[in-house]
Amino acid sequence: AEASPEIAPLLESVTADSFVVRRPDGHRVQIEALPATRGGSSLRGRTLVGALMDESAFFRDSDSVINDSELYRALVIRCTTPGAMLLVISTAWLEAGVLHELTTRNHPDRGGSPTTAIACIAPTELMRQGDRRIAQIVAEERERDPENAAREFDCVAFSGGAGLFFDPAAVT
């Protein structure tokens, strides 16, 4: 924020995890990085104009239990101002959790249709077209570890049972 010629003049305060700007209309807005806490406790008691759950497929509590659903629940009802938006983004991980559920429900390629969210699947090679270095990294990883390349670059999640000792399909 301090390095941006558009934002720097609007700054009122800066900390390691946040900054406050005064908009031209006089309203103050705080931009803050918050931890993914158990049950979303760090998110409660706030009114939000927007929120971002970055790498949401990896939100886990100390017991390795997926915690993204509680964070989503805490955030979605606090984005109350007109035009407020909650973005849920991540590298694919498991066929489980909020990101997987939202994508399955709302993306045509996953059997859904956009009703509760707009779902986008953005493989690396689509988003970084023309970047020869990225293309080389993707090709090398496809050769070295095709499963990891599919997850990291093609948005292909592990089956829902991959986080368990035995895959439920194998047990069945």
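Before you start, one cut-off: buried means under 20% relative accessible area, exposed means over 50%, and partly exposed covers what lies in between. Keep in mind that this is a predicted model.

**Exercise 1.** Work out whether F58 counts as buried, partly exposed or exposed, and do likewise for W93.

*Solution.* Start with F58: its relative accessibility is 35%, so it counts as partly exposed. Now W93: a value of 26% makes this residue partly exposed too.

**Exercise 2.** Find the aromatic pairs in the whole structure and say how their rings are arranged.

*Solution.* A search of the whole structure turns up 2 pairs. Take F58 and W93: their centres are 5.2 Å apart, and with 45° between the planes the pair is tilted. F58 sits in the loop between β4 and α1, and W93 in the loop between β5 and α2, so this pair ties together parts 35 residues apart in sequence. Next, W93 and F158 are edge-to-face, at 5.3 Å centre to centre and 70° between the planes. F158 belongs to the loop between α5 and α6, so here the parts tied together are 65 residues apart in sequence. Put together, F58, W93 and F158 make one aromatic cluster.

**Exercise 3.** Describe how helices α4 and α5 cross and which residues meet there.

*Solution.* The axes of α4 (residues 132–144) and α5 (residues 146–154) come within 6 Å and cross at roughly 145°. That crossing is left-handed. On the α4 side, the residues in contact include I137, V138 and E141; among their α5 counterparts are P146, A149 and F153. By class, the contact has 5 nonpolar, 1 polar and 5 charged residues.

Technical notes:
Residues are numbered from 1 along each chain as its sequence is written. This is a predicted model: local features need pLDDT of at least 70, side-chain atom pairs count only at pLDDT 80 or more; totals for chains, interfaces and linings use all residues. Side-chain values use heavy atoms; hydrogens and water are left out. Axes are lines fitted to C-alpha atoms, for helices over the stretch in contact, and angles run from 0 to 180 degrees between N-to-C directions. Helices (H or I, at least four residues) and strands (E, at least two) are DSSP runs, numbered from the N terminus. A crossing is left-handed if the near helix is turned anticlockwise from the far one by less than a right angle, and right-handed if clockwise. Contact means heavy atoms within 4.5 Å. Ala, Val, Leu, Ile, Met, Phe, Trp, Tyr, Cys and Pro count as nonpolar, Asp, Glu, Lys and Arg as charged, and the others, Gly among them, as polar. Rings of Phe, Tyr and Trp (its six-membered ring) pair if their centres lie within 6.5 Å; planes under 30 degrees apart count as stacked, over 60 as edge-to-face and the rest as tilted. Buried means under 20% relative accessible area, exposed over 50%, partly exposed in between (1.4 Å probe, protein chains only).
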